[in-house]
Amino acid sequence: MAPPPANATPTHKDTLMRKHARNLLLHSLAATLLAGAALTAVSTTGDEASASARPAAHGATNATKAASWPVLKTGSRGTDVFTAQHLLAARGHTVKADGAYGKNTAAAVAKFQKRAGLRVDGIVGPKTWAKLTALTLRTGAQGPAVKALQHQLGIHPDGIYGNKTYNAVRAFQTRSGLKTDGVAGPKTWTALIAGHTPAKPKPGGTKPATTAIALARQLLTKPGITYATRHAKTVDAASTAYRNIHDMAKGIGAATSPHSHVGSKRVQLDPRMLKALITLADSGYRLQISEFVGGTHSKKSRHYRGLSFDANIINGKHVGSGAPHKKVMNLCRTLGATEVLGPGNKGHNTHIHCAWK
């Protein structure tokens, strides 16, 4: 049968068939969209949704980088725990600021979440942080919220927003590309704790992509690299490897331990070392960094100058107990490390040590 001419008038039967086909297509599209919406709703509920929805293989997206708030729960320790505890106290909750996330802290968080209309799970994630830091502090302020701010800035937490705190806030804002007004508002809190606000380069200076600060931020999003939250020999929450890398990412420098030969001071982590860690991760090695500048070492240790790292776990195994430490040590040498020690060297049977000149 010959096809109808192009300008033929459609019959009533043709019109009904076309309407039926169009309705079937619309119903199919609607079902697909509803299913997608339902999956989205399931995957984004809860306080930790933005923290858990991270790509596993091909690097972080901009959205993930923007949601790099630390997640605190029972067992967490360090500066961020001090900060959360002081902020909870500022909101009227009775909690001891000891830097250790125990049952009392979890209970205080749960009470705060209930009052704030959040999911009650006792875990401080992105949404809880956002509520806790929804406050503005300026010169003259006093109390636990100021102590929380001072912990993040790495200065003595006396709870008084005086000239020292004002100047520290201004310096941090300048490094982070924020409005430099010395006032700690939500944007400053976010940059301090989440650490994702990019630093602006100084005129004629090095581009941010090659600075130690930018490299530290990159390491925080690098799968496979973790950082110890305790020291092997001493107790000082402000100078753990975890705190060192987070403080570098904030631009305030890594803290040495008050128990060390050099006392308590701020040190810049060497970019060559940070680049080497990125290369090690990209080469497929999973490392736990046990020390940067914190802890106690030999009197002239390169640790105290930000030139070395120690790693005690490689690919899930402890150094000295089956970890491929020799391969990592050889790669460190290839990457420019001039002092590489491990099992067989005095004092290094349980970790490797890679240091640059």
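Glutamate 291 has aspartate 310 in strand β5 as its bridge partner. The model is predicted, so local features need pLDDT of at least 70, side-chain atom pairs count only at pLDDT 80 or more, and totals for chains, interfaces and linings use all residues. Residues are numbered from 1 along each chain as its sequence is written, and side-chain values use heavy atoms, with hydrogens and water left out. Helices (H or I, at least four residues) and strands (E, at least two) are DSSP runs, numbered from the N terminus.

**Strand β4 and its partners**

- Strand β4 spans residues 287-291, and four of its five residues are buried (under 20% relative accessible area, against over 50% for exposed and partly exposed in between; 1.4 Å probe, protein chains only).
- On one side of the pairing list is strand β1 (residues 225-227), which runs parallel to β4 and is joined to β4 by three bridges; two strands pair if DSSP finds at least two bridges between them.
- Within β4, isoleucine 289 stands opposite tyrosine 227.
- Strand β5 (residues 308-314) runs antiparallel to β4, with four bridges between them.

**Aromatic pairs**

- The whole structure holds three aromatic pairs; rings of Phe, Tyr and Trp (its six-membered ring) pair if their centres lie within 6.5 Å, and planes under 30 degrees apart count as stacked, over 60 as edge-to-face and the rest as tilted.
- One of them joins tyrosine 227 and phenylalanine 292, a tilted pair at 6.2 Å centre to centre with 35 degrees between the planes.
- This pair links distant parts of the chain, 65 residues apart: tyrosine 227 lies in strand β1 and phenylalanine 292 in the loop between β4 and β5.
- Both tyrosine 227 and phenylalanine 292 are buried.
- Phenylalanine 309 and tryptophan 356 also form a tilted pair, at 6.3 Å centre to centre and 35 degrees between the planes.
- That pair too connects distant parts of the chain, 47 residues apart, with phenylalanine 309 in strand β5 and tryptophan 356 in the segment after β8 (352-355).
- Phenylalanine 309 has a relative accessible area of 0% and therefore counts as buried; tryptophan 356 is buried because its relative accessibility is 1%.

**Alanine 108**

- Alanine 108 belongs to helix α5 (residues 103-116).
- Its relative accessible area is 5%, so alanine 108 is buried.
- Apart from neighbours within four places in sequence, alanine 108 is in contact (heavy atoms within 4.5 Å) with Leu88, His93 and Val95.
- Glycine 92 is 16 residues from alanine 108 along the chain, and their C-alpha atoms are separated by 9.6 Å.
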